[in-house]
Amino acid sequence: MAWIILLLAGLLEVGWAVGLKYTEGFSRLWPSVWVGLSMLLSVGLLSIAMKSLPAGTAYAVWTGIGAAGTVILGAALLGEPLGIGRVVCLALILCGVIGLKLVS
């Protein structure tokens, strides 16, 4: 169950990271509210997951999901470039996340 909670926390991290772009420096109310709630929920779920997972593993997986998801959604939603170098780096992040899961 802790891994599912951690996955949800990571997905919420992606939500707030991408959402920051839409807040326009926190000058837009509803995107800012979404980002704030997503941040609180993401960190709250991370904290719950860390009750039964090693802190280093949980944090690395959380940030890995956030980083990879943000790059992917940045490309899909915001038109950010997704060249071969970025794809290779994403693959390395995902390998690290999967490796941490396997050894935990």
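Predicted model: local features only at pLDDT ≥ 70, side-chain atom pairs only at ≥ 80, totals over all residues.

Mentor: Residues are numbered from 1 along each chain as its sequence is written, and side-chain values use heavy atoms, with hydrogens and water left out.

Trainee: Is α2 roughly parallel or roughly antiparallel to α3?
Mentor: Helices here are DSSP runs (H or I, at least four residues), numbered from the N terminus. The axes, lines fitted to C-alpha atoms over the stretch in contact, with angles from 0 to 180 degrees between N-to-C directions, cross at roughly 150° for α2 (residues 29–49) and α3 (residues 55–78). Angles over 145 degrees count as roughly antiparallel, so α2 and α3 are roughly antiparallel.

Trainee: Which residues of α3 meet α2?
Mentor: Contact means heavy atoms within 4.5 Å. From α2, the residues are Ser-42, Val-43 and Leu-46; on α3, they meet Ala-58, Tyr-59 and Trp-62.

Trainee: How many residues make up the largest nonpolar core?
Mentor: A nonpolar core is a set of buried Ala, Val, Leu, Ile, Met, Phe, Trp, Tyr and Cys residues joined through side-chain atoms within 4.5 Å. Its members include Leu-6, Leu-46 and Trp-62, and the total is 12.

Trainee: Does Thr-57 count as buried or exposed?
Mentor: Thr-57 lies in helix α3 and touches Trp-3, Leu-100 and Ser-104, not counting residues up to four places away in sequence. Buried means under 20% relative accessible area and exposed over 50% (1.4 Å probe, protein chains only). At 11% relative accessibility, Thr-57 counts as buried.

Note on methods: Helix = DSSP H or I, 4+ residues; strand = E, 2+ residues; numbered from the N terminus. Parallel < 35°, antiparallel > 145°, perpendicular 65-115°, else oblique.
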